[in-house]
Amino acid sequence: MPVTHISGTDDGVVVVDCKAPPPIDVIPRSCYSGPEKSQPPLLIEQLLSELRAAFNAEKDAGYVIDNNQDPASFNRLNQRVVELLKCYATTNRGDWHRFALFNDLHYVRNLVEANDDFELIVLCWKGGQVSRVHNHATSHCWLTVLDGEMREVQYQRTDPPAAAASAVRGGDGSDEKPGDTVYVEATRTTDLRIGDVGYVSDHLGLHTVGCHVSPEQLAEWQQTARNGFGSGADSWQPEGGVTLHLYSPPIRRVKIYEDNTVSERTPGFYSRGGVRV
Ligand SMILES: [Fe+2]
């Protein structure tokens with residue numbers, strides 16, 4: 001795939017050419033992925049179409065989709081979303097490359113699609129880039145790995161370290177305000193590889209996501225790509241990790257837990273539709 005250098009940008013960002021995607025043919029509706037199975041690739045337009053259908057099915061049945069969703073409705077939706085994300089991550093030919101913009105200083109969020117029901121976002125992480133501990137408001141958060149290896153660490157609220165009997169505290173933190181003092185501790189670490197799918201909501205806890213690839217490992221991946229064994233037939237070169245996140249409903253405000261203090265921010269985008277904003 002040709003690369004277009006966008007002149008006039010003040011930070012030297014290289015935007016991958018956003019050419020028209022290949023035509024959609026057969027939608028693999030029974031898309032159960034696995035390295036042992038050979039199946040047609042799920043293209044990102046097909047993924048979006050299937051996601052919209054899954055969300056519409058629950059809405060048409062009268063269910064509200066958020067982290068307080070009816071359990072049976074959520075189980076149906078969750079099963080389909082996990083299946084689709086896994087299928088996409090393990091069968092696609094790299095049609096997400098056009099969305100995958102990196103930044104040397106911090107991880108970045110590249111919007112694929114936003115609608116009333118969900119946001120689909122490609123996040124790009126260079127080695128060592130890690131998010132801060134954060135919540136997900138009232139949303140579901142699914143994520144899968146498209147490239148590289150990632151680590152998710154979940155956190156729970158705890159009593160102050162000096163408390164006589166420090167213990168993990170419950171609650172979803174919905175009553176926490178910026179400036180509040182909140183102590184957290186890591187309770188679960190999950191390493192994620194291409195095609196693994198994770199899920200978190202405020203009912204489960206807080207989390208960080210990060211890319212911990214070493215320079216040596218990255219050099220090995222880049223050599224593999226140069227030898228033509230990477231994902232996709234274009235000029236993609238691994239730079240760290242790439243994750244695909246699905247938030248439903250779209251998240252407008254997130255809480256950050258840093259230095260035992262809560263703050264709040266509005267998440268932004270580094271690019272939309274493959275174009276730097
Ligand atoms: Fe998150």
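## Histidine 136 and the listed site

Histidine 136 sits in the loop between β5 (133–134) and β6. Helices (H or I, at least four residues) and strands (E, at least two) are DSSP runs, numbered from the N terminus. The model is predicted: local features need pLDDT of at least 70, side-chain atom pairs count only at pLDDT 80 or more, and totals for chains, interfaces and linings use all residues. Residue numbers start from 1 along each chain as its sequence is written.

Why does histidine 136 count as buried? It has 22 other C-beta atoms within 10 Å. A residue is buried if 20 or more other C-beta atoms lie within 10 Å of its own, exposed if 12 or fewer, and partly exposed in between; C-beta atoms are placed from the backbone. Leaving out residues up to four places away in sequence, histidine 136 touches Cys141, Val200, Ser201, Asp202, Ile251 and Val254. Contact means that the two C-beta atoms, placed from the backbone, lie within 7 Å.

UniProt, in an unreviewed entry, lists His134, His136 and His207 under "binding site". These residues are spread over 74 residues of sequence yet cluster in space, with a largest C-alpha distance of 9.2 Å. UniProt positions follow the numbering used here, feature names are shortened, and annotations may be inferred rather than shown by experiment. Histidine 207 lies in strand β11 (residues 206–210). Histidine 207 is buried because it has 22 C-beta neighbours inside 10 Å. Its contacts, not counting residues up to four places away in sequence, are Glu152, Val153, Gln154, Tyr155 and Val200.

## Overall make-up

The chain has three helices and 16 strands. Of its 277 residues, 32% are buried. Among contacts with a separation of 6 or more, 74% join residues 24 or more positions apart.

## The sheet

Seven strands form an open sheet with mixed pairing, in the order β10-β6-β12-β4-β3-β15-β16. Its edge strands, β10 and β16 (275–276), each pair on one side only. Two strands pair if DSSP finds at least two bridges between them. β3 and β4 are antiparallel, with six bridges. Here alanine 114 has glutamate 119 of β4 as its bridge partner.

The largest nonpolar core has 46 residues. Such a core is a set of buried Ala, Val, Leu, Ile, Met, Phe, Trp, Tyr and Cys residues joined through C-beta atoms within 7 Å. Val81, Leu85, Val122, Cys124 and Leu244 have the most contacts inside it. At least two core residues come from each of α1 (44–60), α2 (71–91), β3 (108–114), β4 (119–126), β6 (140–147), β10 (197–200) and β12 (240–248). α2 gives the most, with seven residues. In soluble globular proteins, nonpolar side chains tend to be buried together.

α2 has 21 residues and spans 30 Å from first C-alpha to last, close to the 30 Å expected at 1.5 Å a residue. The expected span is 1.5 Å times one less than the number of residues. Its buried residues are Leu77, Val81, Leu84, Leu85, Lys86, Cys87, Tyr88, Ala89 and Thr90. Their cover includes α1, β6, β10 and β12. Beyond four places in sequence, leucine 85 touches Trp142, Thr144, Val197, Leu244 and Leu246.

## Tryptophan 96

Tryptophan 96 lies in the loop between α2 and β3. Buried or exposed? Tryptophan 96 is buried, because 24 C-beta neighbours fall inside 10 Å. Outside four places in sequence, tryptophan 96 contacts Ile44, Val122, Leu146 and Leu244. Its C-alpha is 8.9 Å from that of valine 112, 16 residues apart along the chain.

## Backbone exceptions

Serine 248 and proline 249 are joined by a cis peptide bond, with omega about -10°. Proline 249 is in the loop between β12 and β13.

Alanine 137 is not a glycine, yet has a positive phi of about 50°.

Strands β13 (residues 254–258) and β14 (residues 261–265) pair in the antiparallel sense over five bridges. Glutamate 258 has threonine 261 of β14 as its bridge partner. Two residues lie between the strands of this hairpin, where aspartate 259 takes a positive phi near 55°. Aspartate 259 is exposed, with 7 other C-beta atoms within 10 Å.
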